[in-house]
Amino acid sequence: MALRGDWMYENNGGTCVAIAGIDYCVVAADTRLSVGYNILTRDHSKICSLADKVVLASSGFQGDIRALHKNLAARHLLYQHQHNKQMSCPAMGQLLSNTLYYKRFFPYYAFNVLGGLDNEGKGCVFTYDAVGSYERVGYSAQGSGSSLIMPVLDNQLKSPSPLLLPARDAVTPLSETEAVDLVKDVFASATERDIYTGDKLEIVVINASGIKREYLELRKD
Amino acid sequence: MFRNQYDTDVTTWSPAGRLFQVEYAMEAVKQGSAAVGLRSKTHAVLGAVNKAASDLASHQRKLFRADQHVGVAIAGLTADGRVLSRFLRNECINHSFVYESPLPVSRLVVQLADKAQVCTQRSWKRPFGVGLLVAGLDETGAHLYYNCPSGNYFEYQAFAIGSRSQAAKTFLERRFQEYDTYSREDLIKDALFAIKETLQGEKLTAQLCTVAIVGEGEAFHIIDQQTIQEYIDAMELSTGGPDEEADAAAPPSAEAQEGGEGASSEPAPMDI
């Protein structure tokens, strides 16, 4: 592909998913880093633990993603110094949105999914576009495999329409293990058809007892 | 006799070659309530006396965390101390952001000293009226520095500043030669002893003092009141029992950065 001399972005591919449960949140992303038809590494994490109860997964341009994560981590440290406590998930959600919009005219090429527990201990997922438009949802997928995964999540998690009144909770009644199994299934499927998704899956589960990490091998082709 | 003529501006020298405004600023440090610091090869401890303006008021916060590996104790104008703590925090964050590694303590104190020096050479400014004991851990081990309002800084094995600090200094002078090999529990005990010296007869309780520690495998944090009270009780009995204290102290030190004041029933510290 002929590149313009001034094209400052690169798509490193990958997919991120998050699902909110009653008292847990699952955030998962594959670990493949690619450029064009090449794989740069099979073992690169797209997930960043920002706070006790907040985890961010981003796919897109790895340079911008790294910078974005560093930025948020530094802001979180400042917040801790000032307020003597960790940032809540909704607070970090707003901060991320503002940080992205700040670069509205030279955006972070990062497609983000923020997961964690809200102030009441319920699962909390925020989904973003590249310039900071965000929404709290029950589940979300972003990245190269998102169009393959989202319809399956819609089918399985039956999120009520946000247009209903009174507003219904979007968190899934599934148990933690069921949600993790669902995530493993959708990634295995996405890996089959999306060339940028595969190698290994990193699954992070946040619940009252903390943050737990597990890995699953995916197809390497 | 001639002090009054040359002490109005910080930018006016006296005939004897002194800057009186800077020296007056150092006086302000001596008026503040005491703070002590000591270090071994692997740990550094800071302690401060909690003096409240009256029984109705809460005490002023004197120990601040600058980063995981550095903290400060202040004596003097606490407002100036808060502002400088904010500066230290910012410098640490900026360094970590650019270099992805903790700011070495020696560099931090130089930046702080340079900031203090600026205020001794501008006619429209005044020197900071606060002395800082900076305790931190970096690749070269644990360090303790004292930063003056004058812009000078010195490294110490142990030091005390503020009112009645001479009593603490006398105590520390007798003991500091062995500090390099002291365990963290013994360091804390000595810090409490030093604080006790500055109280001059008043009974030492955990309410009256705050102690923080930083060391290998231990981020800078303020030790909770209960553990401090246990140390004090053990000191009074002078039977030691360091193993018990080590167990009691281990869980709090393993926890993350939240200050002990948040957990206790004390009124909220006045911090930015």
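**View 1. Strand 3 and strand 4 of chain B.** In this predicted model, strand 3 (residues 63-67) of chain B runs antiparallel to strand 4 of chain B, and four bridges join the two.

**View 2. Strand 4 of chain B and its pairing with strand 5.** Strand 4 of chain B, which spans residues 70-76, is mostly covered, since six of its seven residues are buried. Strand 4 of chain B also pairs with strand 5 (residues 130-138) of chain B, in the antiparallel sense and over seven bridges. One of the residues to look for here is Ala73(B), whose bridge partner in strand 5 of chain B is Leu133(B). Strands of a sheet pair through backbone hydrogen bonds, and this pairing may be either parallel or antiparallel.

**View 3. The open sheet of chain A.** Five strands of chain A make up an open sheet, arranged in the order 5-6-7-8-9 with antiparallel pairing. Strand 5 (47-51) and strand 9 (134-137) of chain A each have a single partner strand and stand at the edges, so one side of each is left without a neighbour in the sheet. From one strand to the next, the twist averages 25°.

View 4. Helix 1 (residues 62-83) of chain A lies across strand 5, strand 6 and strand 7 (110-117) of chain A, and its direction is at about 160° to strand 6 of chain A. Helix 2 (residues 89-102) of chain A packs on the sheet as well, where it touches strand 5, strand 6, strand 7, strand 8 (123-128) and strand 9 of chain A. The direction of helix 2 of chain A makes about 5° with that of strand 8 of chain A.

View 5. Chain B has a mean pLDDT of 87, and 86% of its residues reach 70 or more. Over residues 239-272 of chain B, however, pLDDT stays under 50, and for this stretch the model has 56 contacts beyond four places in sequence. Where pLDDT is low, the predicted coordinates should not be read in detail. For the complex, the predictor gives an ipTM of 0.83 and a pTM of 0.83.

Technical notes:
Residues numbered from 1 in each chain as written. Chains lettered and ligands numbered in written order. Predicted model: local features only at pLDDT ≥ 70, side-chain atom pairs only at ≥ 80, totals over all residues. Heavy atoms only, no water. pLDDT = per-residue confidence, 0-100. Contact = heavy atoms within 4.5 Å. Pairing = 2+ DSSP bridges. Axes fitted to C-alpha atoms, helices over the stretch in contact; angles between N-to-C directions. Buried < 20%, exposed > 50% of the residue type's maximum accessible area, 1.4 Å probe, protein only.
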